[in-house]
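Here is a brief report on one protein model. Look through the sequence and the structure first, then read on.

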Amino acid sequence: MTFDPASYVFTQPSEPTAIRASTVLPARRENVELRTSDGHRLVGELALPESGEIKATLITLHPLPTHGGFMDSHVYRKASYRLPALAGIAVLRFNTRGTSSPRGTSGGAFEEGVGERLDVEAAVRFAVDRGLPNRWLVGWSFGTELALMYGATEPVASEIEGAVLLSPPLHRATDVHLKEWAETAKPLKVLVPEHDDYLQPAAAAARFAAVPQAQVVGVDGAKHLWVGEKYAGRVLNEIVDEVIPGSAGTALPLEWDGPVATAHS
């Protein structure tokens, strides 16, 4: 059965609520479908602010599906729960080809990051067609490879402002892709856990030196999967700082004074 975001039940607490991992804040949420140019149907969800200006749009690219990555990977799930209400940010999540989640299964099969180029293009095209502004790629692990390989070339490059990378392994993305990013001069923010399994801060700084505009941020204590509210919250704050001009240094609220729902795993 496909998960319906309209199934969240919101209640109005008598006092402000601490924002926890399962806290869902109000947004306009809808199940969406993306169509790739090679004929695959990708399933996803779009979460929009309930009202007011959309200040930025996150097009999220999830971790490796053969190792449990999907559109509901926890940082992206929390982004969709919180950022529309707290920061006026639209969050587009989707399953790349062959990937399953409670939302459903996307058509096609995993293609080691090759055919997924068309998935990235379909997601960006969807955001453009919906008129979503200030579009940024946000990649995590395998998703950073997709952002690096396909975000700096057309038809994607001209439709995005830049990218935020979480735990980049730099396995599939090569120095050629880094050079392409350097040539775009588009912002590239790179969040690297101190205890990452694949690429740690010092090595990441050396590799990303090929991209003069890249900002490499080492995060003390964090691991590749950003487990723990402390680290998930840090990621969300870093994303907001990057994608909304003038927001740097303004931390997201830790409480919400309004209707809330609770997500169940």
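This is a predicted model: local features need pLDDT of at least 70, side-chain atom pairs count only at pLDDT 80 or more; totals for chains, interfaces and linings use all residues.

## Strand β5

Which residues of β5 lie on one side and which on the other, and are they buried or exposed? A56, L58 and T60 sit on one side. T57, I59 and L61 sit on the other. Both sets are buried, and both faces of the strand are covered. 6 of the 6 residues of β5 are buried, so the strand is largely enclosed by the rest of the structure.

## Partners of β5

β5 pairs with β6. The two strands run parallel and are joined by 4 bridges. A56 has I89 of β6 as its bridge partner. Helix α1 (residues 74-87) belongs to this arrangement too: β5, α1 and β6 form a right-handed β-α-β unit.

β5 also pairs with β9. Here 5 bridges join the strands, again in parallel. The bridge partner of T57 is R135 in β9.

## Helix α2

Helix α2 covers residues 116-129. Its 14 residues, at 1.5 Å a residue, should span 20 Å. The expected span is 1.5 Å times one less than the number of residues. The end C-alpha atoms are 20 Å apart, which agrees.

The buried residues of α2 are E116, D119, V120, E121, A122, A123, V124, F126 and A127. What covers them includes the strands β3 (28-35), β4 (41-48), β5 (56-61), β6 (89-94) and β9 (135-140). Helix α3 (142-150) is also part of that cover. G131 follows α2, and its phi is positive, near 70°.

## Helix α6

Helix α6 takes in residues 229-243. At 1.5 Å a residue, its 15 residues should span 21 Å. The end C-alpha atoms are 21 Å apart, so the helix agrees with expectation.

Buried residues in α6 are Y231, A232, G233, V235, L236, E238, I239, V240, E242 and V243.

## Residue S167

Where does S167 sit? Its place is the loop between β10 (162-166) and α4 (175-184). Its relative accessible area is 0%, so S167 is buried, as the cut-off for buried is under 20%.

The side chain of S167 makes a polar contact of 2.8 Å with the side chain of W226. Neighbours within four places in sequence aside, S167 is in contact with W140, S141, T144, L191, P193, D196, H224 and W226.

Note on methods:
Residues are numbered from 1 along each chain as its sequence is written. Side-chain values use heavy atoms; hydrogens and water are left out. Buried means under 20% relative accessible area, exposed over 50%, partly exposed in between (1.4 Å probe, protein chains only). Contact means heavy atoms within 4.5 Å. Two strands pair if DSSP finds at least two bridges between them. A crossover is right-handed if, with the strands pointing away from the viewer, the path from the first strand over the helix to the second runs clockwise. A polar contact is a pair of N or O atoms within 3.5 Å; within protein, one must be able to donate a hydrogen and the other to accept it, and residues adjacent in sequence count only if both atoms are side-chain atoms.
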